[in-house]
Each structure stands twice: as structure tokens, then as C-alpha cells.
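Let's take a walk through this one, with the sequence and the fold side by side. Have a look before reading on.

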Amino acid sequence: MIDPFGLALPFLRLLDAEDAHRATLAALKHLPPRAPEKDDPRLAVSAFGLDFPNPVGLAAGFDKNADVPDAMLGFGFGFVEVGTLTPRPQPGNARPRAFRLIEDRGVVNCYGFNNDGHAPALERLTRRLARLAETKERRHYGAGPFRGAHDGAGVVGVNVGANKDAEDRVADYVAGVDAFAEVADYFTINVSSPNTPGLRDLQEPEALSELLARVMEARDAAPAQRPVLLKIAPDLTLDQLDAIVRVARDRRIDGMIVSNTTISRPDTLRSPLAKETGGLSGKPLFALSTFMLAQTYLRVEGQFPLIGVGGIDSAKAAHAKIEAGATLVQLYSALVYEGPGLVARIKAGLIESLDSEKTTLAALVGRAAKAVAETA
């Protein structure tokens, strides 16, 4: 199958990074829907009470307003996460706020939760499920204890956040759970973006405990209960990570995502744009995020699964994330350089690894965590 976006990549790179992203979304909205090729059953994963056809997901940030979840599922992603969504619309930070670090295969962004708010995204996701139900163009992706909104339509998570000027940021997260309870397959609580002043303070134990308590209370009171995942920063000390995992376990959340972008800048960066303000993602984030993933895996002790994010640009990188403790993986920045054909290449590479090692995905999860956690 010809990948139109792979062909368009050289032209998109002539545009400003944010303009290229907007052009891609506009094109995806107008392309006819396509069903993904059926995945090898050895790639199927059960996690958080949901069943995924493969472990490769689209990270939040690409489809902030839930405009194109099905188009992205059509490229073969096992799941798609939309958002971050805040209760009220907000423009985010001033442009320019996205920069390609071409020499480093990385991206710096300082978007600041720019999105259209809950209402438009909720309307789109509601229409999506109604349309899929009517046309019966449905793929059965799970029947676990959290089965509900997806019911064969493809796994779509909703990443929720707080408005920059919110008086009660915790209330904004609760509002997100309340709003999307019947259309999301899972929730991601995003307290780790570096681009909203003070947001990462919610990772402090007392604040995090209150946040998760109120979020889980809202989840449990909703007409449909969805898994709740916590997305953390890679820029934590190990003592901070200890405290976060302890709170997450005490509040009995369903999983964690490791990690968001980093405010650090590796000495190896070559791009002249490396010092732009914002969170760094892509290949330069791989080592740090994988180290934090392994450290988290060891602390969680199997209480819940993890999603590994940061710098995945190949099957080898995805394999390394899984060995470090990820049950599922997500990517976004690599699409800037590799195009959506990367998803199929990663899945094919994972199957080759399973064949050569005569093993399963489940057996790979965390088997190198101790070794990775000892790196610095």
C-alpha cells in the first residue's frame, strides 16, 4: 500500500513544524477511511482490562482535539491517545513553539495545552462511536472488565489536563473524567507537561494523592468505568519517583506512562535549535526515558502495567522499551522523520525478534529492567 504521507514528508519539512502538523491533520480529515491490516496474533496484548491488537500506540499531542483517531488507527496503531484536552479552550503559548532538531532526530515543543476544550472533542468522539455502530465497520479489540466505549471500534484513550488559569486544577481533571467517561477507552492524567507553569507540582506526593483520589472517585461514580493511567516526567529524582509510585499504588490506579518530554538537554545535541524553550522529545529522549521506565517497573512490582514512551523510532527501540518494562509503547516524534510507515516496520521487526528468540511479547516485558536501571 502506498503511504501518501511518506511521499509528502520532504515537502512537509519545508514548512514550519506546527504548520506541517496542521497540514497533516487537514489532509487526514479528508482522506477516505481505511481499515488496518490484520495484525499477527502474537502481537496482541491485554492490559488495563483492555485488549490491544498490537502494542504500538500513538502518543498524545498528535491529535489534540480528537479530529483523526480512526485515520491513525488505519495506519496500524494498536491504540491512539487524543489530547491533552482541558475543560475550556485555550490558545497555548505564543508561536513559534515547535522546533525540529533535524541533526538529532528530535523535537522541542512549548505548545502549552493548546486545544479546543472538552465540548468539540466530546462531540467528535460521540459521533465516531455512533457512526461505527451504524455502519458496523467495527474491529473487535477487547472484552475485558473495562469493555465499553471501544466495543470493537478501536482503542482510543483520552489524555486530560488542566487549564492554565484554572483556580482548581484538580477539578479540571475530574471534569475530564466526567465528560469523556462514556467515549474514552482509558484516561491519561497528564501532570508532567513542562509547558504549563506549575503543572509538574502536581507530581508532589500530597498534591498527587489528592488529585488521584478525586479522579478515581469520579471514575468509580461514572456510568462507565475506564482505566486511569498517570503520565510522569522523565526529569524526576529517584526519591521523587519512589514517592510517585507509592502514591500511585496506594490510590490503585490502573497504569503509568513513562514518560513525557524532558526539560534537560543532553550534551550530544548538535542542532542550533536545541536550546529553544520547551520539552524535548524524539531520539535524544530515548536513554533517559528508558532508564526511568526501568526504574518505575522495578518499583511497581507488577501491580499494574506500564506504557513506555520516548525516542521510539525503530523495532529495536520498541523492543528495548519492552525489555525495560513496557507492556505497551507509544510514539509520536519519530513520525516527523519516518512517516506513518514506521508503525508497520516496528511491528514486523517485533515479529522477527519473537521468531528469532522463540519467545513471546509477555516474556520480554521487564526482562532487562534491572540492567537498564543500573545505567546512568
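## An aromatic link across the chain

At 22% relative accessibility, Tyr 332 counts as partly exposed, while Phe 62, at 6%, is buried. Here buried means under 20% relative accessible area, exposed means over 50%, and partly exposed is in between, using a 1.4 Å probe and protein chains only. This is a predicted model, where local features need pLDDT of at least 70, side-chain atom pairs count only at pLDDT 80 or more, and totals for chains, interfaces and linings use all residues. Residues are numbered from 1 along each chain as its sequence is written, and side-chain values use heavy atoms, with hydrogens and water left out.

Back to the rings: the structure holds three aromatic pairs. Rings of Phe, Tyr and Trp (its six-membered ring) pair if their centres lie within 6.5 Å, and planes under 30 degrees apart count as stacked, over 60 as edge-to-face and the rest as tilted. Phe 62 and Tyr 332 have ring centres 5.7 Å apart and planes at 90°, so they are edge-to-face. Phe 62 lies in the loop between β3 and α3 and Tyr 332 in the loop between β13 (328–331) and α10 (334–338), so the pair ties together parts 270 residues apart in sequence. Helices (H or I, at least four residues) and strands (E, at least two) are DSSP runs, numbered from the N terminus.

Phe 79 and Tyr 186 are edge-to-face too, because their ring centres are 6.4 Å apart and their planes at 65°. With Phe 79 in strand β4 (residues 79–85) and Tyr 186 in strand β8 (residues 186–190), this pair ties together parts 107 residues apart in sequence. Both residues are buried, and together with Phe 52 they form one aromatic cluster.

## The annotated site

What does UniProt list as "binding site"? The unreviewed entry gives ten positions in the numbering used here, including Lys 64, Tyr 111, Asn 195 and Thr 261; feature names are shortened, and annotations may be inferred rather than shown by experiment.

Lys 64 sits in the loop between β3 (56–58) and α3 (69–73) and is buried, at 14% relative accessible area. Tyr 111, in the loop between β6 (106–109) and α4 (118–135), is buried as well, at 8%. Leaving aside neighbours within four places in sequence, Lys 64 is in contact (heavy atoms within 4.5 Å) with residues including Tyr 111, Gly 83 and Asn 114.

## Cores

A nonpolar core is a set of buried Ala, Val, Leu, Ile, Met, Phe, Trp, Tyr and Cys residues joined through side-chain atoms within 4.5 Å. In the largest one, with 97 residues, Met 72, Tyr 173, Leu 230 and Met 256 touch the most other members. Apart from it lies another core, of six residues, among them Phe 99 and Leu 280.

## Helix α11 and the whole

Helix α11 (residues 341–357) has 17 residues and reaches 25 Å from its first C-alpha to its last, close to the 24 Å expected (1.5 Å times one less than the number of residues). Its buried residues, among them Leu 342, Ile 346 and Leu 350, pack against β3, α9 (315–324), β13, α10 and α12 (361–364). Just after α11, Lys 358 takes a positive phi of about 50°.

Overall, the protein has 13 helices and 13 strands, and buried residues make up 59% of its 376 residues.
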